[in-house]
Amino acid sequence: GIPGLFLMEITLQSDSAKPVSFQQLTNFLAKLEKNRRTSQVSSITVTPDTKNRKLVTFTIAVNVYVKP
């Protein structure tokens, strides 16, 4: 790791009862990319909604580096 920094893994999961548009997901990822904290998406799973293929649910694992 990086001296003086701690790694914290955070898992974000969307509500399967409230799928979002793919555009909303990409907007979220763009905001995450521009966040001032140092973070890295380590994995992402996107699943189309069975009733409306324009909507998705997702799980994202993010590694966040924090200084105590």
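Where is the place of V41? V41 sits in strand β3. Helices (H or I, at least four residues) and strands (E, at least two) are DSSP runs, numbered from the N terminus. This is a predicted model, in which local features need pLDDT of at least 70 and side-chain atom pairs count only at pLDDT 80 or more, while totals for chains, interfaces and linings use all residues. Residues are numbered from 1 along each chain as its sequence is written, and side-chain values use heavy atoms, with hydrogens and water left out.

**Strand pairing**

- Two strands pair if DSSP finds at least two bridges between them.
- β1 and β4 run antiparallel, and eight bridges join them.
- M8 has V64 of β4 as its bridge partner.
- Strand β2 (residues 20–21) pairs with β4 over two bridges, again in the antiparallel sense.
- In that region, V20 stands opposite V56 in β4.
- β3 and β4 are antiparallel too, with 10 bridges.
- P48 has V56 in β4 as its bridge partner.
- A hairpin of six residues links β3 to β4.

**The nonpolar core**

- A nonpolar core is a set of buried Ala, Val, Leu, Ile, Met, Phe, Trp, Tyr and Cys residues joined through side-chain atoms within 4.5 Å.
- Buried means under 20% relative accessible area, exposed means over 50%, and partly exposed lies in between (1.4 Å probe, protein chains only).
- The largest such core holds seven residues: L25, L32, V56, F58, I60, V62 and V64.
- α1 (22–34) and β4 (55–66) each supply at least two of its residues.
- β4 gives the largest share, five residues.

- Contact means heavy atoms within 4.5 Å.
- Leaving aside neighbours within four places in sequence, V56 is in contact with P19, V20, S21, F22, L25, V46, T47, P48 and D49.
- T57 also has its place in strand β4.
- T57 counts as buried because its relative accessibility is 18%.
- With neighbours within four places in sequence left aside, the contacts of T57 are S14, D15, S16, P19, T45, V46 and T47.

**Out in the open**

- Strand β1 (residues 6–13) has eight residues and the number buried is zero, so β1 lies largely in the open.
- F22, V41, I44 and V46 make a nonpolar surface patch of about 320 Å².
- Patches are made of residues with over 30% relative accessible area and no salt bridge; like charges are joined within 9 Å, and nonpolar side chains (Val, Leu, Ile, Met, Phe, Trp, Tyr) within 5 Å.
- A salt bridge is a side-chain nitrogen of Lys or Arg within 4 Å of a carboxyl oxygen of Asp or Glu.
- Accessible areas come from the Shrake-Rupley method with a 1.4 Å probe; for residues, only the protein chains shown count as cover.
- Strand β3 (residues 38–48) gives the patch its largest share, three residues.
- V41 counts as partly exposed because its relative accessibility is 36%.

**A loop residue**

- N35 is in the loop between α1 and β3.
- N35 counts as partly exposed, at 40% relative accessibility.
- N35 and V66 are 31 residues apart along the chain, and their C-alpha atoms are separated by 13 Å.
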